[in-house]
Amino acid sequence: MNNRNHDSCCAESADPRQVLRDIFGYTDFRGDQEEIIGHLLGGGDAFVLMPTGGGKSLCYQIPAIIRPGTGVIVSPLIALMQDQVRAMHQLGVRAAFLNSTLSPVERSLVERQLSDGELDLLYVAPERLLADRTLAMLDRSRIALFAIDEAHCVSQWGHDFREEYLRLSILHERYPDVPRIALTATADGPTRREIVERLNLGEARTFVSGFDRPNIRYHIVAKHNPQQQLLSFLKSEHPADSGIIYRLSRRKTEETAQWLTEHGRRALPYHAGMEARARQRNQEMFLHEENVLIVATIAFGMGIDKPDVRFVAHLDLPKSIEAYYQETGRAGRDGLPANAFMTYGLADVVMLRQLLDRSEADDQHKSVERRKLQALLGLCETIRCRRQVLLAYFGDRLMEPCGNCDTCLHPVEGWDGTEAAQKAMHCISRTGQRFGAVHLTDVLIGRSTERVKQFRHDKLSVFGSGSQIPLEEWPSIFRQLAAMGLLAVDMERYGAITLTSESRRLLQGEREVRFRRDPKPERKRAKSRSTSGNASVAICGPEEAALFERLRELRLNIAREAGLPPYMVFHDSSLRDMADLRPLTMTAFAGISGVGRQKLERYGERFIEVIRSDSKDVE
Ligand code: ADP
Ligand code: ZN
């Protein structure tokens, strides 16, 4: 082992709280952070399950800074490494990364820093870590700990499976005395067990945090005109914020980005079909500029650690509740209010059912997939608190309705739909199971359209049989019946709605249904935001909001000078504190959350200057 001269920025201050304050500028640990850090400092292994934005990184960063030697962080997200390293440099922490993007010269430099003990943190891609050359180098260096980020990549059933992760168990065999910490935001039981087994973490202490993201407000609305619905939502909730909009196809991402641009927003597409350079450019804009919207397929987001994404919108149904939770989890990592917005309709149900039917999976897998789809549809159609439904899916119990989702804020009625469903089914049956929802609705409400007359459906007994139910309820009825599996949609025959074995049970009076009454689309959402364009200052008054905007301008200027994303200068939450507390001295400024030693020195005076001049204006 090499001669060590570990003159870390804070080796002298070996107390975790001190490091939290001095380096990161935070006053208190969150959740299990302190216990996890203590456990690693004592030499133990840890397995950490924490939701996105829960604060996983501190759990290995602080022990890596305090323990002698370098903390080695294994991460599959090459795109993120450079950002993480820059964020560490901003805090004055000695960090570097090793991955395929480095030139040989750069790589040698990092290797030398490592063996000379000049690094607190080293981020490594798994395949790079497992290379003989790297392992040999690690043998010669002092290692503070191994952190295995995104540990669920070891799971062969998961959608992020990474072959190389399977080999990470050798870390334990090769370096038995080095503490290890595995971290993930993926919670389900089987994945958890797989991680423990494959990474050889049987001895590790497990830390599970609740999966709730209380700052995210969930909205799921019936789809009419999704782009228009999105625009209204943006106008009322996010006139000037960053956000991600998910669409299912490449073509739709382009369309929606174009459409938003025509309506005065800065919106950029992102999907796997784009040229790599253009894609990279759009991602950079999203990270480095303010108020940029990204319209993406799910290819976007894995490598994105932007803390001030104020909303995530799905204009198409995601694949599963897991995917929905992961994608919406990208909003509001900074803990400030954020929105998750989704539009959902019959076509989405049909599409997912079709995918399932065509799937080549074996029966066991298919039944798992079917249950997952049913759970997702259940979330969309619930009249209960969305958060209770979501958390229950992950095995977490929330005792009381959350008060921060659409169904809590605007309670939705349920109604006995058995008779309406029977009418719909009779109509489907009499018209030969050959027609789609629009035509069936015409027949049910008794509208003599050309098509109705052409097929002589106005002569049937079912013609007009549903006329006492308002016209606009019928699309919602068909959608809910399809979601429950009480009707099927035959895409081979242009969306013809057909009966299922379950429909027969309902027709024979063996089962009942309850529907949700979708809120009327034109109903104005209660205004919940302040006059400011930025959702994160919602709780401030107009003067604070004005100062916040000026601080944001300064932040953007500094970020541009330094070639950094603005959030690496300060998070929105720090700016909000500044606008609230108006610190006018360096000592007072040091008390702002997120202001550590290095940021105080670098930026303190410039921000105080803006606060001072603004305070004069106010007087
Ligand atoms: P995760 O990796 O779990 O998604 P991060 O480690 O990125 O979460 O942390 C999320 C955000 O919370 C970051 O902006 C981080 O700076 C902030 N954070 C973490 N721990 C604390 C703390 N103890 N006090 C204040 N902010 C914190
Ligand atoms: Zn709720």
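User: What counts as a polar contact?

Analyst: A polar contact is a pair of N or O atoms within 3.5 Å. This model is predicted, and in it a backbone N or O atom of Gly-53 lies 2.6 Å from an oxygen atom of ligand 1.

User: Which side chains have an N or O atom at such a distance from ligand 1?

Analyst: Tyr-26 is one of them: an N or O atom in its side chain is 2.6 Å from an oxygen atom of ligand 1. Ser-57 is another, with a polar side-chain atom 2.4 Å from an oxygen atom of the ligand.

User: How much of the accessible area of ligand 1 does the protein cover?

Analyst: On its own, ligand 1 has 560 Å² of accessible area, and the protein covers 84% of that.

User: How many residues surround ligand 1, and which are the closest?

Analyst: The shell holds 15 residues, and the closest are Tyr-26, Asp-28, Gly-53, Ser-57 and His-571. By type, the shell divides into seven polar residues, four nonpolar and four charged. Helix H3, residues 56-66, gives the most to this shell, with three residues.

User: Now the sheets. What holds the strands of a sheet together?

Analyst: Strands pair through hydrogen bonds of the backbone, and the pairing is either parallel or antiparallel. One open sheet here has seven strands in the order S3-S4-S2-S5-S6-S1-S7, and its pairing is parallel. Its edge strands, S3 (95-98) and S7 (205-208), each pair on one side only. Neighbouring strands in this sheet are turned against each other by 20° on average, direction ignored.

User: How many bridges join S1 to S7?

Analyst: Four bridges join strand S1, residues 46-49, to S7, and the two run parallel. For example, Phe-47 has Thr-206 in S7 as its bridge partner.

User: Which strands does helix H5 touch?

Analyst: Helix H5, residues 104-115, packs on the sheet and touches S2 (70-74), S3 and S4 (121-124). The direction of H5 makes about 130° with that of S3. Helix H9, residues 189-198, also packs on the sheet, touching S1, S6 (180-184) and S7. The direction of H9 makes about 160° with that of S1.

User: What is the strand order in the sheet of six strands?

Analyst: That open sheet runs S8-S13-S12-S9-S11-S10, with parallel pairing. Strands S8 (216-222) and S10 (267-270) are its edges, each pairing on one side only.

User: Where is the bridge partner of Val-312?

Analyst: The partner is Ala-340, in S13. Four bridges join S12 (residues 311-314) to S13 (residues 338-344), and these strands run parallel.

Key: Residues numbered from 1 in each chain as written. Chains lettered and ligands numbered in written order. Predicted model: local features only at pLDDT ≥ 70, side-chain atom pairs only at ≥ 80, totals over all residues. Heavy atoms only, no water. Pairing = 2+ DSSP bridges. Axes fitted to C-alpha atoms, helices over the stretch in contact; angles between N-to-C directions. Contact = heavy atoms within 4.5 Å. Near = heavy atom within 4 Å. Polar contact = N/O pair within 3.5 Å; in protein donor to acceptor, adjacent residues only side chain to side chain. Areas by Shrake-Rupley, 256 points an atom, 1.4 Å probe, with all protein chains shown as cover. Nonpolar A, V, L, I, M, F, W, Y, C, P; charged D, E, K, R; others polar.
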